[in-house]
Amino acid sequence: MKIAWGITGAGHLLSDSVDVLEELSKDHELTILLSGAGEEVLKMYGLFQRVENVTGGRYRELVLENEQRSSFPMTGRFSLGKYDLLMVSPTTSNTIGKIVNGIADTLITNAVAQAGKGRVKTGIIPVDLESGDLNTVLPSKLELELCQKCETCEAAAACPNEAITPGVEINLLKCKGCGACQVACPFGAVTGGRKITIHMRDIDIQNTRKLFEFDGIEVLEHPSQLKKFLM
Ligand SMILES: Cc1cc2nc3c(=O)[nH]c(=O)nc-3n(C[C@H](O)[C@H](O)[C@H](O)COP(=O)(O)O)c2cc1C
């Protein structure tokens, strides 16, 4: 099958999504589309390289929003029905909000809109699925209450991207999620994958509910459900 997989800028379900797309790439031609935020967040969680590794060749491209212009010409492939399936996972509340309101102004929202026009089967895995609280994980984080403000910051010295301002913060736009800082700090002041609980906003849950009623779009709860969806 020719499958396109869109990744938006959500940390939640990101690692699970990468696991599944790696599996999928063994048996299918897989084009991967990254929203601008999707690219940034993949790098922060140290997952960008794994995504890049499964791409290469026609219909196995890595398509970056930041390399497309405003009309997203690549998404014409969907209106021409060139793909058998479009998956978007994980899907941010931002992207869901745009899709349910018919907005197409990013690489991923354009892909979904054009897939609808080309009758390409579309599966979306939203991050905001049910009201209440959600447990999710953070990328690398400098924990200031543990930071000893050492004269020489081992974590900053270990960072190949100069992403750490000692005693202040990690610049996540420079961080590539390699985790060297976590190993280097003798006080454990840099965490990676710390669990936090976030509250789902009503507006985001309402938007996800609208998505369930969309023609041609199937809403899945988790990337692991994809195999069932493919059958
Ligand atoms: C580390 C990090 C994790 C994020 N995780 C989420 C998330 O799980 N869900 C979400 O809706 N937005 C999340 N965001 C915010 C989105 O990246 C942001 O809203 C972005 O504008 C979405 O753009 P996109 O929908 O075009 O990808 C996260 C941002 C950062 C920096």
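Domain bounds here come from an automatic or database domain assignment, and in this predicted model the C-alpha centres of domain 1 and domain 2 lie 32 Å apart.

**The two domains**

Begin by colouring residues 2–131 together with 200–230 as domain 1, and residues 140–192 as domain 2. Where they meet, 5 residues of domain 1 are in contact with 5 residues of domain 2, and the two domains bury about 410 Å² between them, with 66% of that area on carbon and sulfur atoms. Select next Lys-43, Met-44 and Gly-46, which supply 88% of the area that domain 1 buries against domain 2, more than any other three residues. The side of domain 1 that touches domain 2 has, by class, 2 nonpolar, 1 polar and 2 charged residues. Across this interface there are 0 salt bridges, while 1 residue pair is in polar contact.

**Helix α2**

Stay with Lys-43, whose salt bridge with Glu-39 brings the closest N and O atoms to 2.8 Å apart. Both residues belong to helix α2, residues 36–44, where being 4 residues apart separates them by about one helical turn. Glu-39 is buried, with a relative accessible area of 11%.

**From α1 to α3**

Of the 10 salt bridges in the structure, the one between the side chains of Asp-19 and Arg-50, at 2.7 Å from N to O, is the next to select. Asp-19 lies in helix α1 (residues 14–27) and Arg-50 in helix α3 (residues 48–53), so this pair ties together parts that are 31 residues apart in sequence. Asp-19 is partly exposed at 36% relative accessibility, and Arg-50 is partly exposed at 26%.

Now select residues 93–100, helix α5, which is mostly covered, with 6 of its 8 residues buried. These buried residues, among them Ile-96, Ile-99 and Val-100, pack against β4 (85–91), α6 (107–117), β5 (121–126), α9 (202–212) and β12 (217–219). Just after the helix, Gly-102 takes a positive phi of about 70°. In the loop between α5 and α6, look for Thr-106, which counts as buried because its relative accessibility is 12%, under the 20% cut-off. Beyond its neighbours within four places in sequence, Thr-106 is in contact with Glu-65, Phe-72 and Lys-98.

**A last stop in domain 2**

Finish at Glu-143 and Lys-141, whose side chains meet in a salt bridge of 3.7 Å, N to O. Glu-143 is buried at 3% relative accessibility, whereas Lys-141 is partly exposed at 31%.

Note on methods: Residues numbered from 1 in each chain as written. Predicted model: local features only at pLDDT ≥ 70, side-chain atom pairs only at ≥ 80, totals over all residues. Heavy atoms only, no water. Contact = heavy atoms within 4.5 Å. Buried area = accessible area lost by both parts, 1.4 Å probe. Salt bridge = Lys/Arg side-chain N within 4 Å of Asp/Glu carboxyl O. Polar contact = N/O pair within 3.5 Å; in protein donor to acceptor, adjacent residues only side chain to side chain. Nonpolar A, V, L, I, M, F, W, Y, C, P; charged D, E, K, R; others polar. Buried < 20%, exposed > 50% of the residue type's maximum accessible area, 1.4 Å probe, protein only. Helix = DSSP H or I, 4+ residues; strand = E, 2+ residues; numbered from the N terminus.
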